[in-house]
Amino acid sequence: VFSALMMAITIGGVLFPPLHSLVAFISSKNVASELSASLIYFIAAISMAVPPACMTGLLKHNDCFPILVASFLVMECCVGLFMPVAG
């Protein structure tokens with residue numbers, strides 16, 4: 001499990017340059033870092049809302065474990081995405 005989470009962080013770090021380029025292409029280059037960080041925060045917040053929704057029964061699914069693991073992997077990917085923004 002630990003290696004999967006570390007790999008998700010690495011993938012997030014690799015995905016940041018294309019994401020930043022896309023955001024810079026869509027918006028002004030002056031605010032591209034801030035918009036990238038806001039998008040990363042939004043995705044991380046959604047991924048952290050999944051476990052409580054799954055555990056309280058809001059998500060109707062028989063087996064929550066794969067959903068929980070996927071949400072934590074997305075969160076760790078967001079950690080990797082955020083590292084270049086933080087400097």
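How many helices and how many strands make up the secondary structure of the chain? In this predicted model, the count comes to three helices and zero strands. Followed along the sequence, the pattern reads α-α-α. The C-alpha atoms occupy a box of roughly 45 × 25 × 15 Å along the principal axes. Of the 87 residues in the chain, 25% count as buried. The chain exposes about 5,800 Å², and carbon and sulfur atoms supply 76% of that area. Contacts can also be sorted by separation in sequence: among those between residues at least 6 apart, 63% join residues at least 24 apart.

With the overall picture in place, the helix pairs can be taken in turn. Helix 1 spans residues 2-26 and helix 2 spans residues 32-55. The axes of helix 1 and helix 2 come within 9 Å and cross at roughly 120°. An angle counts as roughly perpendicular from 65 to 115 degrees and as roughly antiparallel over 145, so helix 1 and helix 2 are oblique to each other. Their crossing is right-handed. On the helix 1 side, the residues that meet helix 2 are Phe16, Leu19, His20, Val23 and Ala24. Their partners in helix 2 are Ala32, Ser33, Leu35, Ser36, Leu39 and Ile40. By class, the contact of helix 1 with helix 2 contains eight nonpolar, three polar and no charged residues.

How is helix 2 oriented relative to helix 3, roughly parallel or roughly antiparallel? Helix 2 and helix 3 pack at an angle of about 160°, with their axes 9 Å apart. This makes the two helices roughly antiparallel, because angles over 145 degrees count as such. The crossing of helix 2 and helix 3 is left-handed. Helix 2 contributes residues including Ser33, Ala37, Ile40, Tyr41, Ala44, Ser47 and Met48 to the contact. From helix 3 come, among others, Ile67, Leu68, Ser71, Phe72, Val74 and Met75. In total, the contact of helix 2 with helix 3 has 19 nonpolar, three polar and no charged residues.

Beyond its neighbours within four places in sequence, serine 47 is in contact with Ser71, Val74 and Met75.

The remaining pair is helix 1 and helix 3. The axes of helix 1 and helix 3 come within 6 Å and cross at roughly 50°, which makes helix 1 oblique to helix 3. Here the crossing is right-handed. Residues of helix 1 that take part include Ala4, Leu5, Ala8, Gly12, Gly13 and Phe16. Those of helix 3 include Phe72, Leu73, Glu76, Gly80, Leu81 and Pro84. The contact of helix 1 with helix 3 divides into 15 nonpolar, three polar and one charged.

Phenylalanine 65 lies in helix 3, which covers residues 65-86. Phenylalanine 65 and methionine 55 are ten residues apart along the chain, and their C-alpha atoms are separated by 9.8 Å.

Key:
Residues numbered from 1 in each chain as written. Predicted model: local features only at pLDDT ≥ 70, side-chain atom pairs only at ≥ 80, totals over all residues. Heavy atoms only, no water. Helix = DSSP H or I, 4+ residues; strand = E, 2+ residues; numbered from the N terminus. Buried < 20%, exposed > 50% of the residue type's maximum accessible area, 1.4 Å probe, protein only. Contact = heavy atoms within 4.5 Å. Areas by Shrake-Rupley, 256 points an atom, 1.4 Å probe, with all protein chains shown as cover. Axes fitted to C-alpha atoms, helices over the stretch in contact; angles between N-to-C directions. Parallel < 35°, antiparallel > 145°, perpendicular 65-115°, else oblique. Left-handed = near helix turned anticlockwise from the far one by under 90°. Nonpolar A, V, L, I, M, F, W, Y, C, P; charged D, E, K, R; others polar.
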